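This briefing covers ligand surroundings, annotated domains and helix packing in one model. Please read the points below alongside the sequence and the coordinates.

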Amino acid sequence: MSTTTAPRLTRDPGTAAPVRIVHLGIGAFARAHQAWLTGLADTAGEWGIAAFTGRSTTVADELAPQGGLYTLITRAAEGDRAEIVDSIVAVYPGSDIPTWSALVAADTTVLITLTITEAGYRLGADGALDTSDPAVRADIEGFGHRDPETAPGRLVHGLAARRAAGAGPIAIVSCDNLPGNGELVRAMLADFAAAVDPGLAEWIAAHVSSVSTSIDRITPRTTPEDVETAAELTGFADASPVVTEPFFDWVLSGDFPAGRPAWEHAGARFVEDIEPFEARKLWLLNGAHTLLASAGRLRGHETVAEALADPACRGWVEAFWDEAARHLTAPELELPRYRAQLIERFENPRIRHNLAQIALDNVTKIRLRILPVLRAEREAGRTGEAAARAVAAWAAFELAAPAAAPDAEAAAEAAAERTLPEILSALDPALTEEPALLARITGLVAELGAR
Ligand SMILES: NC(=O)c1ccc[n+]([C@@H]2O[C@H](COP(=O)([O-])OP(=O)(O)OC[C@H]3O[C@@H](n4cnc5c(N)ncnc54)[C@H](O)[C@@H]3O)[C@@H](O)[C@H]2O)c1
Ligand SMILES: O=P(O)(O)OC[C@@H](O)[C@@H](O)[C@H](O)[C@H](O)CO
């Protein structure tokens with residue numbers, strides 16, 4: 001294998017930009033998107049990123065010996081292009097709380113960026129911090145006495161250190177696929193801080209700006225073959241390359257009280273009202289992914305591209321987009337162009353985007369990406385058939401094997417005990433309150449068939 005003989009990827013001494021950004025939740029996406037764009041925008045070498053993993057230490061273990069350098073492979077339908085990205089200048093496991101706190105507290109740090117996944121925000125169904133979550137409770141009760149383990153706990157811990165150090169204001173930029181992600185961060189921090197120190201909550205309200213973003217670049221998990229490809233393309237052994245598609249988009253809205261990289265020079269857009277952009281991206285792209293994650297797998301497909309090549313799945317996606325598009329009316333959204341681009345992106349045969357990976361945390365995703373379209377269609381007097389089909393496909397999976405079950409045996413037992421109305425009611429009680437809707441979803445489940 002070529003990676004064993006290629007020279008290691010290492011950083012030359014003195015080539016690292018100073019740390020001004022701290023990232024929590026370093027994985028594939030942050031390196032395909034924000035870190036890459038920061039490198040492109042930062043022509044003067046002023047914006048180094050110190051990156052922390054969220055839970056597992058893997059990315060830190062892989063990247064730290066490389067001084068944070070990594071290979072980004074841009075994978076078009078026609079071929080691969082590789083580049084070495086150097087904007088990440090230090091990498092730590094998320095459990096390294098002393099380093100985390102010191103960097104968040106440093107007055108040279110002016111930005112925190114996040115990719116902690118939707119589940120990492122620890123929100124309840126009402127969008128507020130879920131203080132009944134045992135890990136959140138443990139972080140609240142142990143605040144100041146033991147190291148925090150959740151992302152909200154670590155963020156508030158770091159901000160407490162910043163307040164104590166007398167450092168100035170800071171911006172937090174959520175890069176996770178959640179609607180109103182900036183507002184969710186603001187509320188999450190306020191809820192957590194109020195529970196541990198009302199004075200700290202006031203300081204956070206006055207000194208921390210939560211920026212909302214819509215982020216877009218399809219970045220599947222790296223495979224062992226990708227590691228070999230990176231070495232072949234660059235001549236360097238990289239333990240942790242990232243593969244992504246050519247398309248990218250980043251729309252941001254909010255204040256940066258202590259500055260930011262000139263991301264607009266690399267293609268980012270700053271807008272007053274981000275909501276239409278978020279809805280377009282989350283409903284059309286992520287909504288279609290969520291639909292295919294269940295419906296595509298029910299039809300035996302493993303990847304987005306395979307599912308989209310199936311005329312039935314393609315028709316269901318287009319029908320869902322037609323329903324969503326009726327509620328995305330801002331002209332700047334350029335929906336025909338966006339939809340055409342999405343088809344081309346989904347069809348990229350060289351991006352193996354696994355449906356099982358996309359299906360993780362499906363309940364939250366359906367609530368945020370499918371149910372708003374279903375509700376809007378029904379309020380307009382229509383059936384919302386295509387959105388209902390996405391719900392039915394997920395429910396068919398749950399009927400066969402609930403996602404929360406720890407193993408196959410427990411899943412089979414739990415499945416045998418749950419009825420469709422119970423499953424739907426746990427997703428959203430409103431789904432069972434209208435007999436016509438319940439009957440239609442029941443019919444769609446039967447049409448789609450159990451696994
Ligand atoms: N991959 C994409 O195509 C893509 C595109 C747009 C947005 N995003 C957003 O980025 C997120 C991360 O995607 P990725 O491809 O980098 O995934 P990844 O698995 O490569 O990395 C995820 C990171 O989040 C951390 N994490 C996981 N669960 C957590 C939790 N409960 N609390 C705190 N941290 C946690 C992990 O430790 C890791 O550092 C997605 O969930 C999504 O919100 C991803
Ligand atoms: O875990 P999710 O659903 O937020 O993400 C899975 C994919 O839909 C997502 O990663 C997309 O590829 C991405 O949002 C494209 O920008």
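In this predicted model, helix α10 (residues 275–298) supplies the largest share of the shell around ligand 2, namely three residues. For ligand 1 the largest share, also three residues, comes from helix α1 (residues 28–32).

**Ligand 2**
- The residues around ligand 2 are E118, N177, D216, R217, I218, L285, N286, H289, I358 and K365.
- Sorted by class, this shell holds four charged residues, three polar and three nonpolar.

**Ligand 1**
- Around ligand 1 there are 23 residues, of which G27, F29, G54, G120 and D176 come nearest.
- The shell around ligand 1 divides into ten polar, nine nonpolar and four charged residues.

**Annotated domains**
- An unreviewed UniProt entry gives the annotation "domain: Mannitol dehydrogenase N-terminal" for residues 20–264.
- Over residues 20–264 the chain is 36% helix and 22% strand, and the end C-alpha atoms of this stretch are 18 Å apart.
- The annotation "domain: Mannitol dehydrogenase C-terminal", likewise from UniProt (unreviewed entry), covers residues 273–398.
- Residues 273–398 are 73% helix and 0% strand, with 37 Å between the end C-alpha atoms.

**Packing of α4 and α6**
- Helix α4 (residues 97–105) packs with helix α6 (residues 151–165) at an angle of about 50°, and their axes are 8 Å apart.
- Because of that angle, α4 is oblique to α6.
- The crossing of α4 and α6 is right-handed.
- On the α4 side the contact is made by I97, W100, S101, V104 and A105; on the α6 side it is made by R154, H157, G158, L159, A161, R162 and A165.
- The contact of α4 with α6 has seven nonpolar, three polar and two charged residues.

**Packing of α17 and α19**
- Helix α17 (residues 385–400) and helix α19 (residues 420–427) cross at roughly 120°, and their axes come within 10 Å.
- The two helices, α17 and α19, are therefore oblique to each other.
- The crossing in which α17 passes α19 is right-handed.
- A395, E398 and L399 of α17 make the contact with L420, I423 and L424 of α19.
- By class, the contact of α17 with α19 has five nonpolar residues, one charged and no polar.

Key: Residues are numbered from 1 along each chain as its sequence is written. Chains are lettered from A and ligands numbered from 1 in the order in which they are written. This is a predicted model: local features need pLDDT of at least 70, side-chain atom pairs count only at pLDDT 80 or more; totals for chains, interfaces and linings use all residues. UniProt positions are given in the numbering used here, feature names are shortened, and annotations may be inferred rather than shown by experiment. Helices (H or I, at least four residues) and strands (E, at least two) are DSSP runs, numbered from the N terminus. A residue is near a molecule or strand if its C-beta atom, placed from the backbone, lies within 6 Å of it. Ala, Val, Leu, Ile, Met, Phe, Trp, Tyr, Cys and Pro count as nonpolar, Asp, Glu, Lys and Arg as charged, and the others, Gly among them, as polar. Axes are lines fitted to C-alpha atoms, for helices over the stretch in contact, and angles run from 0 to 180 degrees between N-to-C directions. Angles under 35 degrees count as roughly parallel, over 145 as roughly antiparallel, 65 to 115 as roughly perpendicular and the rest as oblique. A crossing is left-handed if the near helix is turned anticlockwise from the far one by less than a right angle, and right-handed if clockwise. Two residues are in contact if their C-beta atoms, placed from the backbone, lie within 7 Å.
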